[in-house]
Amino acid sequence: MTTTPTAPTRTRSAGSLAWARRRASVARFWRQYRRHRAGLAGLAGLAVIALVALAAPLLVGADVQSVTNAPGTALESPSAAFPLGTDQFGRSLLGLLIWGARISLTVGLLAAALSVAIGTLVGILAGHYGGWISTVVMRITDWFLVMPALVLAIVLATVMSRSVWTVILAIGVTSWPTTARLVRAQTIAVESRPYIERAKALGGGHGHIMSRHVLPNVMPLVLAQTTLGISTAILTEATLAFLGLGDPTVVSWGGMLQDAREAGAVSSGHWWYLAPPGIAIAMVALAFTLCGRAVESVLNPKLGVAR
């Protein structure tokens, strides 16, 4: 005698099948990603920098930021005791560089996530509803596009309190328009497919269609845009800190450049004060760009990004 599966059994089977498909998709993505040598190099570099940033309290300790307990004298050149020299307070630049990675990476990740979240929401809403809603939303987006994002970020960072969260907010709310336009175009393309019409005919509401059908199809684009946006966010954070608009109570790579400028490192030839944070910013931005291009190539092979 045959038995029919119960509802919990069918639910577990459907759930297991969904997880199996996700694992197969991740494995397929990784097989294609590792064919890109530049992407692997960028990923390896980011892994090393992330591990160093996470282990900063163990490697250098929080007292590396202390001005009163600085172990060296002002502006010492690189030596065995201080491989990258010291700043104007006698603090180890190597320790500051390692500790500053935490703030720079955190600001870059959170600001890019905020920017992409806003852009994705605006793009999906504009592409799904169309009509006057799309017109109004896209005119606002166009206004943000024509305004220099750095200038807007400087204005926000100036009028608000100087903190890390202010920098994250300033970068996030000024750099979303490009993502919004890309997601809107992708949403319009997805909405024209036959299964969207079937979902509407079966009674699927706006929320169901946007969350269950549109969002999964635009996620590859969102992922690639996030990876590329992190490097821009890190560069913007460094620029704001260099202009003196960052949080003065924390150490970041941009803040180190600002301190070097105030200490006269440019005119006095103290290259070891300027070079390490500048090189670190360039390396992280390059690593995220390489990863972003590889992700974009895997998710959209028609781009033909070089390996």
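A residue counts as buried under 20% relative accessible area, as exposed over 50%, and as partly exposed in between. Keep that scale in hand for what follows. The model is predicted.

Start with D142. Its relative accessible area is 23%, so D142 is partly exposed. The residue sits in helix α5, while R181 lies in helix α8 (residues 177-191), 39 residues apart, so the pair links distant parts of the chain. The contact between D142 and R181 is a salt bridge, 2.6 Å from N to O. R181 has a relative accessible area of 36% and is therefore partly exposed.

D142 has another partner, R139. Here too the side chains form a salt bridge, with the closest N and O atoms 2.8 Å apart. This pair is local. D142 and R139 are three residues apart in helix α5 (residues 131-146), so about one helical turn separates them. R139 has 47% relative accessibility, and so counts as partly exposed. Put together, R139, D142 and R181 are linked in a network of salt bridges.

Side chains of opposite charge can pair when their charged atoms come close. The model has four salt bridges in total. One of them joins D87 and R91, at 2.8 Å from N to O. Its setting is the next point. Both D87 and R91 are buried, whereas D142 is partly exposed.

Now turn to the nonpolar surface. Which residues form the nonpolar patch there? They are V151, V155, V159, M160 and L169, with about 400 Å² of accessible area together. Helix α6 (residues 149-159) supplies the largest share of this patch, three residues. L169 is found in helix α7 (residues 164-172). Residues in such a patch need over 30% relative accessible area and no salt bridge. L169 has a relative accessible area of 35%, so this residue clears the accessibility cut-off.

The last stop is a pair of helices. Two packed helices are described by the angle between their axes and the distance between the axes. Helix α10 covers residues 206-242 and helix α11 covers residues 253-262. Their axes come within 7 Å and cross at roughly 30°. Angles under 35 degrees count as roughly parallel, so α10 is roughly parallel to α11. The crossing of α10 past α11 is right-handed.

Definitions and conventions. Residues are numbered from 1 along each chain as its sequence is written. This is a predicted model: local features need pLDDT of at least 70, side-chain atom pairs count only at pLDDT 80 or more; totals for chains, interfaces and linings use all residues. Side-chain values use heavy atoms; hydrogens and water are left out. Patches are made of residues with over 30% relative accessible area and no salt bridge: like charges are joined within 9 Å, nonpolar side chains (Val, Leu, Ile, Met, Phe, Trp, Tyr) within 5 Å. Accessible areas come from the Shrake-Rupley method with a 1.4 Å probe; for residues, only the protein chains shown count as cover. Helices (H or I, at least four residues) and strands (E, at least two) are DSSP runs, numbered from the N terminus. Buried means under 20% relative accessible area, exposed over 50%, partly exposed in between (1.4 Å probe, protein chains only). Axes are lines fitted to C-alpha atoms, for helices over the stretch in contact, and angles run from 0 to 180 degrees between N-to-C directions. Angles under 35 degrees count as roughly parallel, over 145 as roughly antiparallel, 65 to 115 as roughly perpendicular and the rest as oblique. A crossing is left-handed if the near helix is turned anticlockwise from the far one by less than a right angle, and right-handed if clockwise.
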